[in-house]
Amino acid sequence: MSSSTVITNIATLVTNDPALGDGSPLGLIQDAAVVVEGDRVVWAGESGQAPATDHRVDAAGRAVLPGFVDSHSHLVFAGDRTQEFNARMSGRSYTAGGIRTTVAATRAATDAELEANLTHYLTEALRQGTTTFETKSGYGLTVEDEARALRIAARHTDEVTYLGAHIVSPDHADDPAAYVALVTGEMLDACAPHARWIDVFCEKGAFDGDQARAILTAGKAKGLHPRVHANQLSYGPGVQLAVELDAASADHCTHLTDADVDALASGRTVATLLPGAEFSTRAEWPDARRLLDAGVTVALSTDCNPGSSFTSSVPFCIALAVRDMRMAPDEAVWSATAGGAAALRRTDIGRLTPGAYADLAFLDAPSHVHLAYRPGVPLVREVWRRGVRVA
Ligand SMILES: [Zn+2]
């Protein structure tokens with residue numbers, strides 16, 4: 001039997017279980033304690049009622065919340081797109097580049113270089129409180145390069161997504177149908193053993209609704225579960241296709257019709273909002289308020305990638321969501337923890353309730369609200385993952 005540790009003197013504990021706490025979705029407990037045994041939470045409640053344990057940790061009046069669940073990132077890549085960002089933000093047009101720049105650099109990189117880069121950004125995210133992350137392929141776009149990206153990612157997370165359908169490979173620019181056949185055929189066969197999810201960028205200039213449907217359906221037949229890059233740059237069929245195919249998540253959701261919102265409200269597909277992308281491209285914000293008021297489950301994630309959203313910081317995304325997407329601080333914190341877990345169809349993370357993994361973020365603040373109240377301040381003081389202090 002592993003030893004037990006009580007963490008006491010927590011000013012505000014976010015459990016994400018209304019029944020455990022104050023009845024709100026965050027399940028808040030003031031002057032709280034958490035008991036960890038092995039890699040799991042075994043008890044959470046008021047400090048005065050904590051059971052006896054082997055060890056004791058004093059949280060010194062900090063807030064403790066579940067480690068962030070970053071359910072959307074693109075971290076298997078090489079190269080840099082500083083110039084593209086600089087040109088965009090300086091009001092100059094920049095035509096070369098885009099995803100293709102990263103594809104060329106990623107193909108040219110060694111396995112060791114890709115893994116070192118991935119590890120670098122994972123460590124950066126962990127220090128900022130992220131204890132679970134999803135990541136994707138999508139910068140290889142050949143059978144070998146997509147499969148190796150997934151193999152590398154799978155050494156670091158269970159939440160691995162095959163995104164051969166990120167854009168039509170430059171090698172097939174004149175024949176998109178042949179590329180879709182590759183993505184749903186030989187490439188899928190090589191990638192499926194290394195992934196849990198299949199994703200497609202359903203957008204003008206990437207893949208249309210029929211192509212996206214064919215890609216996701218082929219993935220499902222191979223045991224992969226769908227998620228969709230949907231309605232980011234324009235209105236389109238992505239969101240409704242995601243709901244129809246019971247995708248775990250429709251990601252971006254920046255341009256939505258009433259029918260799109262109704263579809264999300266009627267199904268169990270989570271709307272994952274990625275405000276780092278709108279920030280970094282000076283684009284229109286997704287309307288989180290409209291989704292929440294319609295009863296849609298909303299997740300918040302970084303979309304960390306070298307082109308359109310090069311942030312690994314979930315706290316930054318929380319601050320943007322509160323300031324610019326009209327989310328209440330409680331809603332944004334829920335979406336970055338329990339919402340991310342829902343977008344990965346997980347119930348063992350994103351909450352601090354008995355049986356869940358002991359993934360915890362300690363803030364140098366008495367309340368989770370400070371994540372939005374004090375934007376840009378590195379408030380995450382300590383991180384535990386699976387019951388072990390890691391940062
Ligand atoms: Zn993305």
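Which elements make a right-handed β-α-β unit? Strand 10, helix 7 (residues 209-221) and strand 11 do. A crossover counts as right-handed if, with the strands pointing away from the viewer, the path from the first strand over the helix to the second runs clockwise. Helices (H or I, at least four residues) and strands (E, at least two) are DSSP runs, numbered from the N terminus.

Before we go on, a word about the model. It is a predicted one, in which local features need pLDDT of at least 70, side-chain atom pairs count only at pLDDT 80 or more, and totals for chains, interfaces and linings use all residues. Residues are numbered from 1 along each chain as its sequence is written.

Two strands pair if DSSP finds at least two bridges between them. Strands of a sheet pair through backbone hydrogen bonds, either parallel or antiparallel. Strand 14 is joined to strand 13 (residues 270-273) by 3 bridges in the parallel sense, and Thr-272 has Ala-299 in strand 14 as its bridge partner.

On one side, strand 9 (residues 160-165) pairs with strand 10 in the parallel sense over 3 bridges, and Ala-165 has Val-200 as its bridge partner. Strand 10 is mostly covered, with 6 of its 6 residues buried. A residue is buried if 20 or more other C-beta atoms lie within 10 Å of its own, exposed if 12 or fewer, and partly exposed in between, with C-beta atoms placed from the backbone. Both faces of strand 10 are covered: Trp-197, Asp-199 and Phe-201 are buried on one side, and Ile-198, Val-200 and Cys-202 on the other.

Just along the chain is a backbone detail worth a look. Most residues other than glycine have a negative phi, and most peptide bonds are trans. Asn-231 is not a glycine, yet it has a positive phi of about 55 degrees. Asn-231 lies in the loop between strand 11 and helix 8 (238-244), and it is buried, with 26 other C-beta atoms within 10 Å. Arg-345 also has a positive phi, of about 50 degrees, although it is not a glycine. Arg-345 sits in the loop between helix 13 and strand 15 (360-363) and counts as partly exposed, with 16 C-beta neighbours inside 10 Å.

Now step back to the domains. The assignment gives domain 1 (4-67 + 350-389) and domain 2 (68-343); such bounds come from an automatic or database domain assignment. The centres of the two domains, taken over C-alpha atoms, are separated by 29 Å. Across the boundary, 21 residues of domain 1 are in contact with 22 residues of domain 2, where contact means that the C-beta atoms, placed from the backbone, lie within 7 Å. On the side of domain 1 that touches domain 2, strand 5 (63-66), helix 14 (370-373) and strand 16 (380-385) each supply at least two residues. Strand 16 gives the most to that side, with 3 residues.

Strand 5 contains Ala-63, which is buried, with 26 other C-beta atoms within 10 Å. The C-alpha atoms of Ala-63 and Ala-365 are separated by 6.0 Å, although these residues are 302 residues apart along the chain.

What about the nonpolar core? The largest one has 127 residues, and those with the most contacts inside it are Leu-13, Val-34, Val-64, Ile-318 and Ala-321. Such a core is a set of buried Ala, Val, Leu, Ile, Met, Phe, Trp, Tyr and Cys residues joined through C-beta atoms within 7 Å. Helix 13 (residues 329-343) gives the most to this core, with 8 residues. Domain 1 and domain 2 both give residues to this core, so it lies between them. Leaving aside neighbours within four places in sequence, the contacts of Val-64 include Leu-13, Val-34 and Phe-362.

Note on methods:
Two residues are in contact if their C-beta atoms, placed from the backbone, lie within 7 Å.
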